[in-house]
Amino acid sequence: MKIVIDRAIPFLEGVLEPWAETVYCAGSAIGPDTVRDADALIVRTRTRCNEQLLSGSRVRFIATATIGFDHIDTAWCAAHGIEVSTAAGCNARGVLQWVAAALVWLSRRQGWRAADRTLGVIGVGHVGSLVAEYAAAWGFRVLCCDPPREACDRFFELSGQAALSHERTSRKRLDFFPLEQVAREADLLTFHTPLDASTRHMVDERLLRSMRPEAVVLNTSRGEVADTAALLASGHPCLLDVWEHEPQIDRALLDRALLATPHIAGYSEQGKANATALSVRALACRFGLPLMEWYPPQVRPSEPRPIAWQELCGTIDDRFDIEAQSRALKIRPEAFETMRDNYVYRREYF
C-alpha cells in the first residue's frame with residue numbers, strides 16, 4: 001500500500017511506515033503524478049482533491065486533517081468509489097481560544113465588559129456551540145443562528161426521536177434566531193460555518209448594512225464566507241483569521257482588520273494531535289491496520305474546564321499573544337504561508 005501525505009501534518013512521520021510506503025511532500029505540490037499509484041492520501045486544505053488530481057489514479061481513500069472539506073470534490077469522489085474522511089471537531093477548543101483572546105483584546109481596546117455586549121454566533125456546530133457556551137458563562141448575551149441545526153433539532157423533537165440522536169442528546173438545548181435578527185442586535189458577530197453554496201459570501205453588503213454601525217465581525221471559518229469588497233466598503237471593524245484567496249490576501253483588508261492572523265485559529269497542539277489521530281484512525285479502519293486507538297504519544301490531551309472571564313483576562317496573553325501574531329502578519333503579509341506552516345502550536349488550557 002502507498003500513502004501520500006502532506007508533510008505539514010504533524011506527529012505523523014514514522015507512524016504508518018511499518019504498514020505502507022509513505023511519501024511526504026508539500027500539500028500544494030501534490031499533483032497527478034504524485035498520486036497516480038497511491039492508495040490513500042492524507043491532506044490539508046492546500047491540496048485540491050478533484051478530477052484533475054485523481055483521474056486515472058488508484059486512490060480509494062482520502063483523509064483530510066481538517067474540519068472543512070471544501071477543497072475536496074466529494075461528489076466526484078463518491079461517484080468514483082473514493083471514501084473521504086474529515087477531522088470534524090478536532091480543533092474546536094483551539095478556535096475557542098482564538099475567539100477568547102480576540103474578545104479579551106477587544107474589550108480592553110474598546111473599554112467594555114462582557115455583560116455589556118451581545119455576541120451573535122453564526123454556525124453552532126463543534127466550534128460555535130463551545131463559543132456560545134463559554135461566552136454565556138462569561139456574561140455575554142448570546143444569540144445563536146444555525147438554520148440546519150435548528151431544523152435537525154426540531155425534527156427530532158417533533159418525531160419523538162431525540163433519544164436516538166447522539167449529536168442531539170450530547171449538546172445543550174439552544175434557542176435559535178434568524179440571521180437578520182442576530183445581525184441587527186449583535187455588537188459582535190462571529191462566524192463558525194462550513195463553506196458551501198449557502199454560506200459563500202454570507203457576509204455580504206446586505207448583511208453588513210443591517211448591522212449596527214460599530215458592530216464587529218469575527219471570522220475564523222473560511223475566508224470565502226465574507227465578501228472582501230463588501231467588508232471593506234462597509235467600514236465595520238473586523239478581526240480575521242481566514243481570508244479569500246489565501247495565501248494571496250487582500251492588503252487593504254489586512255490593513256483595516258483590527259486583528260489579523262494567518263489561518264491559525266485552530267492551531268493548538270491538541271487540535272493538531274486530534275486531527276492527525278482522526279486521520280490515522282479512519283485510514284486504519286478502511287485498510288484494517290492496528291491503529292484504531294492511536295494518538296500522538298508526545299501530546300497530552302486537553303482537559304476541558306470552565307474558566308471565568310476574570311481568570312481568562314489574566315491568563316490568555318501568556319498562552320496566546322494574539323496582538324503579537326497580528327502585528328507580525330501586518331508587517332510581513334507575504335509570509336502568510338510560512339507563518340502558518342511554521343506556527344508554534346499553543347497549548348489548550350480550558
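Student: What should I know before I start?

Tutor: This is a predicted model, where local features need pLDDT of at least 70, side-chain atom pairs count only at pLDDT 80 or more, and totals for chains, interfaces and linings use all residues. Residues are numbered from 1 along each chain as its sequence is written, and side-chain values use heavy atoms, with hydrogens and water left out.

Student: OK, backbone to begin with. Which peptide bond is cis?

Tutor: That's the one from Glu246 to Pro247, with omega near 0°. To place it, you need the element names: helices (H or I, at least four residues) and strands (E, at least two) are DSSP runs, numbered from the N terminus. Pro247 sits in the loop between β10 (238–240) and α11 (251–256).

Student: And what is the phi of His201?

Tutor: Positive, about 55°, although His201 is not a glycine. You'll find His201 in the loop between β8 (188–191) and α9 (205–210). His263 also has a positive phi, of about 60°, and is not a glycine; look for His263 in the loop between β11 (259–260) and α12 (269–287).

Student: Is His263 buried or exposed?

Tutor: Here's the scale: buried means under 20% relative accessible area, exposed over 50%, and partly exposed in between (1.4 Å probe, protein chains only). His263 has 11% relative accessibility, so His263 counts as buried. His201, with a relative accessible area of 29%, is partly exposed.

Student: Which other ring does Phe140 pair with edge-to-face?

Tutor: Trp309, at 5.6 Å centre to centre and 85° between the planes. Phe140 is in the loop between α5 and β7 while Trp309 is in helix α13 (residues 309–319), so this pair ties together parts that are 169 residues apart in sequence. Phe140 counts as buried because its relative accessibility is 4%. Ring pairs link these residues into a cluster: Trp112, Tyr134, Trp138, Phe140, Trp309, Tyr349 and Phe350.

Student: Where does Lys272 lie?

Tutor: Over the face of Tyr267, 3.8 Å from the ring centre. The test is that NZ of Lys or CZ of Arg is within 6 Å of the ring centre and within 35 degrees of the ring normal. Arg346 lies over the face of Phe320 in this way, at 4.1 Å from the ring centre.

Student: Last one: how many cavities of 30 Å³ or more are found?

Tutor: Three, from a search of the whole structure. On a 1 Å grid over the protein atoms alone, a cavity is a set of points where a 1.4 Å probe fits but cannot get out, and lining residues have an atom within 4 Å of a point. The largest cavity holds about 250 Å³ of space, where volume is the space filled by probe spheres set on the points, with grid points joined across faces, edges and corners. Its lining has 22 residues, with Thr66, Asn91, His263, Tyr267 and Arg340 nearest the centre.

Notes: Phe/Tyr/Trp six-rings, centres within 6.5 Å; stacked < 30°, edge-to-face > 60°. 1 Å grid on protein atoms, 1.4 Å probe; cavity = no way out; pocket = protein on both sides within 12 Å on 5 of 7 lines; lining within 4 Å.
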